[in-house]
Amino acid sequence: MDIDAWVWWLIGAVGLGIPLVVTAMPELGMLSAGAVAGALTASLGGGIVAQVLVFAAVSVALIAVVRPIAARHRSERPQHRTGIDALKGRQAVVLERVDGSGGRIKLAGEVWSARSLDAEQSFEPGRQVDVVEIDGATAVVM
């Protein structure tokens, strides 16, 4: 039984795709795409040299182009802060006197327990304060 070259390329693509799923290494997916390109070349009648060259060119091109883009996206921090990070640096209004031992503020439309960053400093109701950090369920203000 004689199997066409394009079938071998597809078997190779699947053979590279299985470890891609198991190991989550995107490079294997790029090599698998190169094998599919080799299969396409074989199905169009290209010789073995053309098939290998197309496989190598597509694989290297994908690795050279896609990896740096993926690395850049992986290393970028999200542009929109969410959760506790979104509250740091915001202004709040003092509802009940805030000092080193506690108090209440209105922050982002919600009532929060708060304490001052400097234990000696206190803030009276109605005053605007800046949120320095969130410590559990308590906003630390100054």
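The quantity pLDDT is the predictor's confidence in each residue, on a scale from 0 to 100. This is a predicted model, in which local features need pLDDT of at least 70, side-chain atom pairs count only at pLDDT 80 or more, and totals for chains, interfaces and linings use all residues. Residues are numbered from 1 along each chain as its sequence is written, and side-chain values use heavy atoms, with hydrogens and water left out. The chain has a mean pLDDT of 91, with 98% of its residues at 70 or more. Among its elements, β1 has the highest mean pLDDT (95) and helix α4 (residues 84–87) the lowest (85).

Four helices and five strands make up the elements of the chain; these are DSSP runs, with helices (H or I) of at least four residues and strands (E) of at least two, numbered from the N terminus. Along the sequence, their pattern reads α-α-α-α-β-β-β-β-β. The radius of gyration, taken over C-alpha atoms, is 30 Å, well over the 14 Å that the globule rule gives for 142 residues, so the chain is more spread out than a compact globule. That rule is 2.2 Å times the number of residues to the power 0.38. Along the principal axes, the C-alpha atoms fill a box of roughly 90 × 25 × 25 Å.

Now to a pair of helices. The axes of helix α1 (residues 5–23) and helix α2 (residues 26–43) come within 8 Å and cross at roughly 170 degrees, which makes α1 roughly antiparallel to α2 (a label for angles over 145 degrees). Residues in contact (heavy atoms within 4.5 Å) include Trp6, Trp9 and Leu10 in α1 and Leu28, Leu31 and Val36 in α2. By class, this contact has 15 nonpolar, seven polar and no charged residues; Ala, Val, Leu, Ile, Met, Phe, Trp, Tyr, Cys and Pro count as nonpolar, Asp, Glu, Lys and Arg as charged, and the others, Gly among them, as polar.

Two single residues complete the picture. Aspartate 99 lies in strand β1 (residues 91–99) and, beyond residues up to four places away in sequence, touches Arg115, Ser116, Gln121 and Ser122. Methionine 142 belongs to the segment after β5 (138–141). Its C-alpha atom is separated by 9.2 Å from that of glutamine 128, 14 residues apart along the chain.

Methods. Axes fitted to C-alpha atoms, helices over the stretch in contact; angles between N-to-C directions. Parallel < 35°, antiparallel > 145°, perpendicular 65-115°, else oblique.
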